[in-house]
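Here are my notes for you, written as a colleague would jot them down. Have a look at the model first, then read on.

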Amino acid sequence: MGHPVLGQRAEPITDLQDPELRRLVEDMVETMIDANGAGLAAPQVHEAIRLVIFQAPTGRSDPGLAQAEAYDHIAPLTVLVNPVIEFLGPETEGGWEGCLSVPGLRGWVERAAHIRYRGQGLDGTTIERTAKGFHARVVQHECDHLDGILYPQRMTDMTKLIFESETKHWLEQNE
Ligand code: NI
């Protein structure tokens, strides 16, 4: 947080064949997995280009959801180039977020509950999906990085910006 690339608008990607792009994606996937993160945006590795990676594993979806709905909540490891998000309705949902660029902290952020997103895969195919729950949250969080926005800037109640180490304690005190 504070690095100039994290605060600027990233540029669209025009050449999907660029071998540098493939190398960058490989590095990003490795970094995300090492850090046990759910997503990573190119500006976080100081590349000001419109590229995000993310995953929304089954383990993170809410139990008890209908099958069709649950499907919206999961996504395989996805590489998305030049993503665009559309909000499907006014409903929002709060949730705890963390970020590899804001280490050691967690914050409560309200996000659109239901979205559609569109972009290109590395092979040039169009990816278009609807998403809810954690899946919708991670995509919005990562795409915010492309516009120079970190999650604390989305927060409305700064008493809910806490150290990761206090999360358990905080939840015990407030539930
Ligand atoms: Ni982040």
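This is a predicted model: local features need pLDDT of at least 70, side-chain atom pairs count only at pLDDT 80 or more; totals for chains, interfaces and linings use all residues.

1. Residues are numbered from 1 along each chain as its sequence is written, and side-chain values use heavy atoms, with hydrogens and water left out.

2. Start with the nickel ion. Its protein donors (N, O and S atoms within 2.8 Å of the metal, or 3.2 Å for Na, K and Ca) are Cys 99 (SG), His 141 (NE2) and His 145 (NE2), 2.1 to 2.3 Å away. Along the chain they are spaced C-x41-H-x3-H. Cys 99 and His 145 are both buried (under 20% relative accessible area; exposed is over 50%, partly exposed in between, with a 1.4 Å probe and protein chains only).

3. Now find Phe 54 and Tyr 117, an aromatic pair (ring centres within 6.5 Å, using the six-membered ring for Trp; planes under 30 degrees apart are stacked, over 60 edge-to-face, the rest tilted). Their rings sit edge-to-face, 5.7 Å centre to centre with 85° between the planes. Phe 54 has 0% relative accessibility, so it counts as buried, and Tyr 117 is buried at 0% too.

4. Trp 96 and Trp 108 are also edge-to-face, because their planes are at 75°, with centres 5.5 Å apart. Buried or partly exposed: which is Trp 96? Trp 96 is partly exposed, at 24%, and Trp 108 is partly exposed at 28%.
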